[in-house]
Amino acid sequence: MKTSNAARLIFWLAAIFAVGFLVRAESSEKRANTANITSAPLRIVDQNGRPAVSGVPSATSQIVDVMVGPDFAFHPDTVNISVGDTVRWTWAASGHSVSSGPHCVPDSQFCSPNDTGCFPGTLSNTGTVYMHTFNTPGSYSYICIAHCSIGMAGVVNVTGSCAQSGWSTAAPLPTTGTRMAGVYFPANGKFYAMGGRASDTAGNEFTHPFEYDPNTNTWMTKAATYPDNTVNNIACGVLTDAGTPYIYCAGGSRVSTPTVATGRVFRYDPVTDTITPVAAPWPAAGTTVIPGGFTVLQNKLYILGGYDTVTGGGQGINQIWEFTPSPAAWVQKPTVLPVPLGYIPTTTIGSLIYTGGGSDITAGLLTDTTNSFVYNPVANTISAIAAIPRPTGETRALNFNGKMLVMGGGRTAPNPSNEVDAYDPVANSWAVNSPVPAFVNARRNFATDTDGTTRIWLAGGYDVDGITLLASAERFCQGGGGTPTPTPTATATATATATATATATATGTATASPTATATGTASPTATATASPTATLPPGVRPTPTPRPRPTPAPRP
Ligand SMILES: [Cu+2]
């Protein structure tokens with residue numbers, strides 16, 4: 001009996017070893033034959049020494065196939081594609097997953113079978129097909145969660161390219177819209193316009209999110225329904241809870257009762273198209289305060305400042321709040337803004353939060369400012385940075401390749417603007433319409449966001465007159481052949497100066513681009529073209545906007 005057991009044990013050990021050896025042998029043989037498995041050539045290097053794109057690059061997106069198994073490997077284990085291309089994984093054996101992340105740590109950027117529940121993950125069986133489109137350049141490692149420890153891993157290298165470099169017209173929103181929050185959702189590469197309204201008359205708040213697909217240049221009105229109609233001026237950002245990313249949104253206002261605000265929080269899962277209440281309202285809202293600037297840093301949503309619609313007839317607040325998704329909770333930071341502000345262009349670069357501009361709100365009147373700050377939420381410090389070269393507010397700031405872009409916006413003449421100011425946190429200096437040029441249609445209170453490296457989207461908002469609502473959308477793509485066209489038009493801001501006083505426009509020079517050509521308005525914009533702020537040396541601050549010319553606030 002003992003001999004028999006020992007023999008059996010030895011047999012099984014040998015069998016396991018042999019299987020492991022055979023699997024490895026098969027695996028390496030498969031690797032050698034990857035060219036037979038996919039039709040595309042592999043391991044081709046471009047002139048920069050980077051992997052060349054598999055197959056023939058085309059203006060339209062392509063699908064690249066990867067087989068999952070039948071052994072403990074992906075075939076091929078490396079694919080090189082262009083932005084907008086799709087990888088299609090097909091299971092040739094059961095009990096495997098495709099889970100984004102290095103080593104054995106799923107990072108929830110994408111995963112089989114449907115990009116949900118990436119952690120801890122799902123194993124799928126033979127015949128499963130999972131597709132994911134890559135919209136941002138980069139190198140994406142992925143694993144099988146069951147077999148990553150024995151090396152079942154792959155990588156997707158995505159190189160950037162633009163069908164059209166620079167700004168171009170995108171498909172318009174399904175309707176006019178303003179006061180939406182733009183959110184790029186990395187897990188599916190789509191851009192969302194959250195909340196907002198179709199007009200400034202009561203009862204026209206949006207009830208569903210809008211989804212823009214960069215690959216098809218189309219908008220879709222999603223089925224998920226907001227929990228209420230207090231959805232103007234909401235603060236949104238992508239946060240991950242238990243491994244799944246969501247768009248969290250806090251606060252908001254509505255037209256029918258302009259002095260009523262909400263602190264309500266909900267989260268939207270774009271993949272399952274579901275909206276879920278989050279039982280942790282933003283405490284600063286009370287029933288009267290609209291969120292100020294907002295940004296995400298290390299999986300926390302920050303709100304800087306805001307608009308108290310009641311106190312003093314309407315005024316800015318100076319509070320800074322931090323939201324943590326799990327468990328959902330808010331903390332008021334011990335730091336306050338040096339000046340109370342609402343609608344602050346705000347973004348995150350590295351471990352710091354930056355602002356450029358924002359609305360002074362006094363007795364219910366909004367005035368664009370040049371206040372610019374850097375905030376460290378860990379050290380609880382906030383200090384001034386070089387001031388943005390023009391007053392603005394009621395727009396967003398975006399982190400684009402490590403620079404803060406402040407996107408047009410503003411209401412104090414000659415705003416609204418189409419100018420894109422870029423703050424370099426290393427040099428503590430601003431550039432105007434460089435590296436990203438001005439967009440075409442000046443506007444404020446529009447939805448905008450970026451993938452961080454290559455693309456920017458914006459949609460809706462108020463037109464150059466500050467009144468007309470827009471449906472139009474624009475998209476920026478950087479890369480591919482050639483540089484973006486440096487031909488911003490200042491026509492938009494120029495027309496807005498019609499009612500401006502000379503003193504007001506004198507400081508509004510920043511919004512006029514150096515290439516401004518006459519647009520026929522006999523307004524003081526001539527002074528604007530005479531002093532393009534692009535030539536301001538770093539550290540020289542333009543005169544702050546004087547307070548006394550605010551335009552009356554429409555319903556927030
Ligand atoms: Cu596996």
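Biologist: Is proline 416 buried or exposed in this predicted model?
Modeller: Count the C-beta neighbours of proline 416 inside 10 Å: there are 31. The cut-off for burial is 20 or more. Because 31 passes that cut-off, proline 416 is buried.

Biologist: Where in the chain does proline 416 lie?
Modeller: Strand β29 covers 403–409 and strand β30 covers 417–424. Proline 416 lies in the loop between β29 and β30.

Biologist: Which residue does a cis peptide bond join to proline 416?
Modeller: Most peptide bonds are trans. The bond into proline 416 is cis, with omega about 0°. Its partner in that bond is asparagine 415.

Biologist: What distance separates the C-alpha atoms of proline 416 and alanine 442?
Modeller: Along the chain, proline 416 and alanine 442 are 26 residues apart.

Biologist: What is omega for the peptide bond from serine 434 to proline 435?
Modeller: Proline 435 sits in the loop between β31 (429–432) and β32 (447–450). The bond from serine 434 to proline 435 is cis. Its omega is near 5°.

Biologist: How many residues of strand β34 are buried?
Modeller: On one side, Ala473, Arg475 and Cys477 are buried. On the other, Glu474 and Phe476 are buried. So β34 is largely enclosed by the rest of the structure, and its buried residues number five of the five.

Biologist: Which residue in β34 stands opposite tryptophan 167?
Modeller: Strand β9 (residues 166–170) pairs with β34 in the antiparallel sense, over five bridges. Opposite tryptophan 167 stands phenylalanine 476.

Biologist: Which residue in β34 is the bridge partner of tryptophan 457?
Modeller: Strand β33 (residues 455–459) also pairs with β34, antiparallel, over five bridges. The partner of tryptophan 457 is arginine 475.

Biologist: Which strands stand at the edges of the open sheet of four strands?
Modeller: The order is β14-β15-β16-β17, with antiparallel pairing. Two strands have a single partner strand each, so one side of each is left without a neighbour in the sheet. These edge strands are β14 (235–241) and β17 (274–278).

Biologist: What is phi of glutamine 298?
Modeller: Most residues other than glycine have a negative phi. Glutamine 298 lies in the loop between β18 (289–297) and β19 (300–308). It is exposed, with 10 other C-beta atoms within 10 Å. Phi of glutamine 298 is positive, near 45°.

Technical notes
Residues are numbered from 1 along each chain as its sequence is written. This is a predicted model: local features need pLDDT of at least 70, side-chain atom pairs count only at pLDDT 80 or more; totals for chains, interfaces and linings use all residues. A residue is buried if 20 or more other C-beta atoms lie within 10 Å of its own, exposed if 12 or fewer, and partly exposed in between; C-beta atoms are placed from the backbone. Two strands pair if DSSP finds at least two bridges between them.
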